[in-house]
Number of protein chains: 2
Amino acid sequence: MSFYDQLKFDSNGLIPAIIQDAATGRVLMMAWMNRASLEKTIETGLTHFWSRSRQKFWMKGETSGHVQRVKDIAFDCDGDTLLIQVEQVGAACHEGYRSCFYRSMTGRGEGFRITEPQLETPEQIYGKK
Amino acid sequence: MSFYDQLKFDSNGLIPAIIQDAATGRVLMMAWMNRASLEKTIETGLTHFWSRSRQKFWMKGETSGHVQRVKDIAFDCDGDTLLIQVEQVGAACHEGYRSCFYRSMTGRGEGFRITEPQLETPEQIYGKK
């Protein structure tokens with residue numbers, strides 16, 4: 001039975017993909033894939049996603065150069081979520097942090113704090129707009 | 001500005017929560033929360049979710065005893081995904097594996113393999129049906 005047969009894409013044809021740094025275990029980001037972006041990810045060894053807001057196929061790092069080289073693709077018991085181990089070049093987050101999860105809640109939700117250094121500014125990554 | 005103000009729940013009032021083992025970095029599962037289950041999670045220090053298939057509020061471990069004690073709640077740059085560090089009691093997966101992501105793709109999607117030992121059978125966790 002193939003890997004694809006185990007997967008359940010949602011009513012929009014999408015499946016969430018959690019991206020984890022293979023070396024450190026840091027969870028870097030979560031983004032959505034459709035069948036075509038998953039196939040392209042497997043074919044090229046570089047992560048490709050589907051942007052729900054832009055309704056557009058995209059390769060991680062296509063503008064920033066911060067690509068993700070795929071090391072492993074796991075899927076959960078329900079077949080409706082992917083966990084992808086990657087080798088991340090530079091910052092995963094478009095805000096210039098290594099991980100998109102650079103903020104944590106404080107107290108019982110009264111506030112939040114930044115938990116990791118900003119590696120670059122968005123202007124350094126993408127240039128001035 | 002409060003933590004809650006940073007979050008974007010989707011059109012169904014839900015936000016995905018990635019659950020990670022605080023000690024090992026292993027990603028254990030992903031499940032969905034609504035505002036009430038997030039508040040209950042913060043209030044009790046134990047993860048609570050919203051089941052989309054059963055349309056029901058549930059506490060992780062309510063039947064199995066495999067509760068998750070919350071250590072940190074992070075959120076991503078878009079505010080539409082949570083990353084929760086937990087201390088996991090027993091198996092996170094209802095199939096008896098430590099992580100729900102116990103299977104990985106092989107080749108270019110021709111198959112898959114099991115990557116971790118099964119700690120218990122579902123019958124051992126939930127009793128015979």
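Tutor: Let us begin with contact, which means heavy atoms within 4.5 Å. This is a predicted model, in which local features need pLDDT of at least 70 and side-chain atom pairs count only at pLDDT 80 or more, while totals for chains, interfaces and linings use all residues. Residues are numbered from 1 along each chain as its sequence is written, chains are lettered from A and ligands numbered from 1 in the order in which they are written, and side-chain values use heavy atoms, with hydrogens and water left out.

Student: Which residues does A:C100 touch, not counting residues up to four places away in sequence?

Tutor: In chain A they are A:L28, A:M29, A:A92 and A:C93, and in chain B they are B:F75, B:D76 and B:C77.

Student: Is A:C100 buried or exposed?

Tutor: Buried means under 20% relative accessible area, exposed over 50%, and partly exposed in between (1.4 Å probe, protein chains only). A:C100 has a relative accessible area of 7%, so it is buried.

Student: At which cysteines does UniProt place the feature "binding site"?

Tutor: UniProt positions are given in the numbering used here, with feature names shortened, and annotations may be inferred rather than shown by experiment. The unreviewed UniProt entry places this feature at A:C77, A:C93 and A:C100. These are spread over 24 residues of sequence and are also spread in space, up to 28.0 Å between C-alpha atoms.

Student: Where is A:C77, and what is it in contact with?

Tutor: Helices (H or I, at least four residues) and strands (E, at least two) are DSSP runs, numbered from the N terminus. A:C77 sits in the loop between β5 and β6 of chain A, and at 16% relative accessibility it counts as buried. Leaving aside neighbours within four places in sequence, A:C77 is in contact with residues including B:C93, B:H94 and B:C100.

Student: Which aspartates does UniProt give for the feature "binding site"?

Tutor: The unreviewed entry lists A:D76, A:D78 and A:D80. A:D78 is found in the loop between β5 (68-75) and β6 (82-88) of chain A, and its relative accessible area of 36% makes it partly exposed. Beyond its neighbours within four places in sequence, A:D78 is in contact with A:K8 and B:H94.

Student: What is the case for A:D80?

Tutor: A:D80 also counts as partly exposed, at 23% relative accessibility. Leaving aside neighbours within four places in sequence, its contacts are A:K8, A:I15, A:P16 and B:R52.
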